[in-house]
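Reader: I would like a close look at a single part of this model, followed by its surroundings. Please keep it brisk.

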Amino acid sequence: MAIENILMPQLGESVTEGTIEKWLVKPGDTVNKYDPLAEVNTDKVNAEVPSSFSGTITELIAGEGETLEVGAIICVMETEEAGNDNAEPQVAASPAKDEPANEMPAEGSLQPTSPTKRDKSESGRYSPAVLRLSQENNIDLSLVEGSGRGGRITRKDLLAIIESGEMPKAAPAKETAAPTQEPTKSSPAGQPKTEVPVMAGDIEIPVTGVRRAIANNMLKSKHEAPHAWMTVEVDVTNLVAYRDSLKNEFKQKEGFNLTYFAFFVKAVSQALKEFPMMNSMWAGDKIIQKKDINISIAVATEDSLFVPVINHADEKTIKGIGRDIQELATKVRTGKLKSAEMQGGTFTVNNTGSFGSVQSMGIINHPQAAILQVESIVKRPVIMNGGMIAARDMVNLCLSLDHRVLDGLVCGRFLARVKEILENVSAENTSIY
């Protein structure tokens, strides 16, 4: 017999933690290899964690709603297998570097999860990101208890403090500091809970793991990336006419709709090839300019937002992009989207126009450097050459950019190129195949 640990898997690129949404087993249950053990969600995907072994569940280490770092132990099994040679790599992932998964609580937790004496050997060492956040928000690091290895303060420790709005202050000299009010309650994800008065008739809606993950990722993007915005107006009258002339025949022949959005994604992918700096990411001490052009597209359900990826979009036709959009959206709405299909995105295009929006400022999809909002196509009076006024199909393209990576010049040229491509779509210039 052998005792094996099942660890929090890394379910996506740049994912550092996951939340146990629901356990599918209990202690004493016998499971086979690959049987699902738990439903886990991250800021990128919802997924079931399969068992790496056949055996009996002896202990559930993490509770439902609890957030743990990648590599942390979530449950323990008794098996007849020796060692973990048969472990699936996506489940029995190695603990995060320098983070012993069986000792530390989830990153971002402000207090230890057990009374065990904690190692504080690295409590005085700070990363550049922690120093920057502390300086920007006037946080005295000597008053912060870190949740990282050796008591080291992590970026998420500071984000939790910033979110709470309660900056740590030193206690008066020679006096024992005592709380004047009840301690701030914390959510399972380690984020302090905002106290809001609940009045008669108010409805309290529990925050699901998916919604919490979305909120945490948006907060991370807004805190880390200095956002700037640009907008251009594009005349897509010819594009609308061209697409409308093809849509019925295309649907009958291909079996799916030819949408305007496919034209926009194609134009963006073409422009990214010409302006590769737009296809970059901030990496602390360097900027990574990505070789592949992988377009993330936002797909919403009733209570969640998923961002699947169209890989190598610049190498695909409008038809190919349209098929990918249709297939990925169907997988999201039927719960069949795989974690691999949400990884590797380098630039996001969001079809906000599907809701009737005409202007918006998107939050960048971390760690990418920009997101483009494609707004609703509307008829507007436009002054044409010669001073004539005509009704034209117009659309706003709204770009949010990470000003650490991108400047106005390259973004302006990029948007101008996207505009040029879209305004020149026609039967003579554009093939959908």
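In which loop is the place of Tyr-34?

Author: The place of Tyr-34 is in the loop between strand 3 and strand 4. Keep in mind that this is a predicted model. Tyr-34 is not a glycine, yet its phi is positive, at about 80 degrees.

In general, strands of a sheet pair through backbone hydrogen bonds, either parallel or antiparallel.

Strand 8 of that sheet, residues 73-79, holds Thr-79. Thr-79 is buried, at 1% relative accessibility. Leaving aside residues up to four places away in sequence, Thr-79 touches Met-1, Ala-2, Glu-4, Phe-53, Ser-54 and Gly-55.

Strand 4, residues 36-41, is joined to strand 2, residues 17-23, by 4 bridges. These strands run antiparallel. Strand 4 is also joined to strand 5, residues 46-50, by 5 bridges, again in an antiparallel arrangement. Glu-39 of strand 4 shows both pairings. Lys-22 stands opposite Glu-39, and Glu-39 stands opposite Glu-48 in strand 5.

His-312 is a residue other than glycine, and its phi is near 50 degrees. The place of His-312 is in the loop between strand 15 and helix 6. His-312 is partly exposed, with a relative accessible area of 31%.

Helix 6 spans residues 318-333, which makes 16 residues. From first C-alpha to last it reaches 23 Å, close to the 22 Å expected at 1.5 Å a residue. Its buried residues include Ile-318, Ile-321, Ile-325, Leu-328 and Val-332. Lys-319 and Asp-324 are also among the buried residues of helix 6. In general, an α-helix has 3.6 residues a turn, so residues three or four places apart point the same way. The buried residues of helix 6 pack against helix 4 and helix 5, and also against strands 12, 13, 14 and 15. Just after helix 6, Gly-335 takes a positive phi of about 70 degrees.

Helix 4 and helix 5 bring in the aromatic residues. The whole structure has 4 aromatic pairs. In one of them, the ring centres of Tyr-242 and Phe-263 are 6.3 Å apart and the planes stand at 75 degrees, so the pair is edge-to-face. Tyr-242 lies in helix 4 and Phe-263 in helix 5, so the pair ties together parts 21 residues apart in sequence. Both of these residues are buried.

A second pair is Phe-250 with Tyr-433. Their ring centres are 6.3 Å apart and their planes are at 35 degrees, so this pair is tilted. Phe-250 lies in helix 4 and Tyr-433 in the segment after helix 7, so the pair ties together parts 183 residues apart in sequence. Phe-250 is buried, with a relative accessible area of 2%. Tyr-433 counts as partly exposed, at 44%. Ring pairs link Phe-250, Phe-256 and Tyr-433 into a cluster. A charge joins the aromatic picture as well. The charged end of Arg-243 sits over the ring of Tyr-260, 4.4 Å from its centre.

One more backbone detail deserves a look. His-366 and Pro-367 are joined by a cis peptide bond, with omega about 5 degrees. The place of Pro-367 is in the loop between strand 16 and strand 17.

Finally, the whole chain. It has 7 helices and 19 strands. Of its 433 residues, 46% count as buried. Among contacts with a separation of 6 or more, 67% involve residues 24 or more positions apart. The accessible surface comes to about 22,600 Å², and 51% of it belongs to carbon and sulfur atoms.

Key: Residues numbered from 1 in each chain as written. Predicted model: local features only at pLDDT ≥ 70, side-chain atom pairs only at ≥ 80, totals over all residues. Heavy atoms only, no water. Helix = DSSP H or I, 4+ residues; strand = E, 2+ residues; numbered from the N terminus. Buried < 20%, exposed > 50% of the residue type's maximum accessible area, 1.4 Å probe, protein only. Contact = heavy atoms within 4.5 Å. Areas by Shrake-Rupley, 256 points an atom, 1.4 Å probe, with all protein chains shown as cover. Expected span 1.5 Å × (residues − 1). Phe/Tyr/Trp six-rings, centres within 6.5 Å; stacked < 30°, edge-to-face > 60°. Lys NZ or Arg CZ within 6 Å of the ring centre and 35° of its normal. Pairing = 2+ DSSP bridges.
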